Amino acid sequence: MFDRKLVYLDNGATTMVDPKVASKVVEYMTEKYGNASSLHQKGQEAKIALEESRAIIAKSINAKPNEIIFTSGGSEANNLAIKGIAYQHKKGHIITSLIEHPCVLETVKFLVSDGFTASYIKVNSEGFIDLEQLKQEIRPDTLLVSIMHANNEIGVIQDIETIGKICKEKKVLFHTDAVQSYTKVPIDVKKINADMTSLNSHKIHGPKGVGALFVKNGVKLKRLIDGGSQEKKLRAGTENIPGIVGFAEAVKIANNSHVKHMQKLRDKLINNILKIKDARLNGPMKKRLCNNVNVSFKFVEGEAIGGYLDADGICSSTGSACSSKSLEPSHVLMALGMKEEDAHGSLRLTLSRFTTEQEIDFVLEKLPKIVEKLRRMSPFK
Ligand SMILES: *Cc1c(COP(=O)(O)O)cnc(C)c1O
């Protein structure tokens with residue numbers, strides 16, 4: 001089914017669709033292809049599958065089925081959450097952090113260009129939100145706090161229970177981007193006091209192009225896409241039934257034994273990489289995503305290491321996939337207070353439940369040699 005020769009360690013960018021998920025998707029493309037808005041039996045077959053999927057995803061985060069709005073992915077969910085609240089008002093203040101995914105940062109930047117104001121919460125050297133600053137930034141005109149659950153580059157898992165509590169006490173709405181943490185860290189939207197939570201499918205072995213926004217009952221949003229009355233009139237357009245059914249199937253399959261498996265391999269990878277001279281871990285050791293490794297090596301660039309790893313059949317990344325084409329250092333690593341030259345040196349290896357110990361051993365055999373070779377060539381050392 002998948003290429004055994006290739007070691008895929010870029011699961012923070014996207015994951016392989018689970019074969020069981022893929023067969024569900026095909027079933028709903030070829031046999032059960034109805035439009036969920038049609039009243040005949042073919043439509044009702046799709047409608048039933050849509051509502052069953054909604055219930056599965058709702059239950060997984062302790063929400064009610066009517067609080068789940070399907071979208072085209074994490075980016076759209078984040079746009080709907082933030083613009084949806086902003087445009088309920090004519091102006092106002094939004095709080096986010098310096099280490100959010102570009103789809104949050106760019107959305108907030110757009111709103112600022114449209115007359116809204118924004119504050120950015122700083123993080124400490126491990127990537128944890130400054131909770132004191134958060135308390136101080138909340139003002140009477142603050143419309144929304146949007147802070148991600150787990151970071152896609154450095155894997156830091158925020159204390160969103162405390163963040164949610166602060167928002168509740170100050171009576172401001174709280175949104176969290178839980179795309180990276182979903183199915184890897186338990187999410188209970190009631191416990192964390194979230195008003196909105198973004199999820200997606202392709203980071204958890206589901207198909208691309210599908211995601212969801214949890215919107216707590218009573219929270220009013222302005223919709224971004226006008227048209228039919230699908231998704232409680234919050235997101236017009238014929239529902240992506242194959243994608244949604246596949247998404248729910250991926251959620252059903254994910255379990256805690258996968259988390260333990262990834263965690264064990266992650267720790268082996270981190271502990272052995274840190275034996276390389278002048279290697280450092282970016283992000284925290286604890287409260288870190290079970291599948292995330294982000295390391296820097298003094299005197300060598302992450303891009304160069306990635307190129308040599310690729311030649312050995314190992315897929316890695318430097319920072320996030322969305323920004324890896326730009327030559328700018330990662331905004332996340334810069335927010336940790338790293339020097340620009342160190343932020344360029346980082347390498348991200350992200351595991352999945354399909355990652356094997358042999359694959360990790362293979363990386364641990366190749367990586368030290370690549371770093372050594374590049375250092376011999378480096379003019380900086
Ligand atoms: C991947 C990702 C997104 C974007 O999700 P898409 O479904 O690819 O649009 C948003 N936030 C985080 C943290 C992500 O890792």
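**Cysteines**

Start with Cys-315: its relative accessibility is 18%, so it counts as buried (under 20% relative accessible area; over 50% would be exposed and anything in between partly exposed, with a 1.4 Å probe and protein chains only). Cys-167 is buried too, at 1% relative accessibility.

How many disulfides are there? The count is 0, going by cysteine sulfur pairs within 2.5 Å. For Cys-167, the closest cysteine sulfur belongs to Cys-103 and sits 19 Å away, so that pair is too far apart for a bond.

**About the model**

This is a predicted model, where local features need pLDDT of at least 70 and side-chain atom pairs pLDDT 80 or more, while totals for chains, interfaces and linings use all residues. Residues are numbered from 1 along each chain as its sequence is written, and side-chain values use heavy atoms, leaving out hydrogens and water.

**Around the ligand**

**Polar contacts and cover**

Which side chains reach the ligand's oxygens? Ser-75 has a polar side-chain atom 2.7 Å from a ligand oxygen, and Asn-200 has one at 2.8 Å. A side-chain N or O atom of His-202 also lies 2.8 Å from an oxygen of the ligand (the cut-off for a polar contact with the ligand is N or O atoms within 3.5 Å). On its own the ligand has 380 Å² of accessible area, and the protein covers 87% of that (Shrake-Rupley method, 1.4 Å probe).

Note on methods: Polar contact = N/O pair within 3.5 Å; in protein donor to acceptor, adjacent residues only side chain to side chain.
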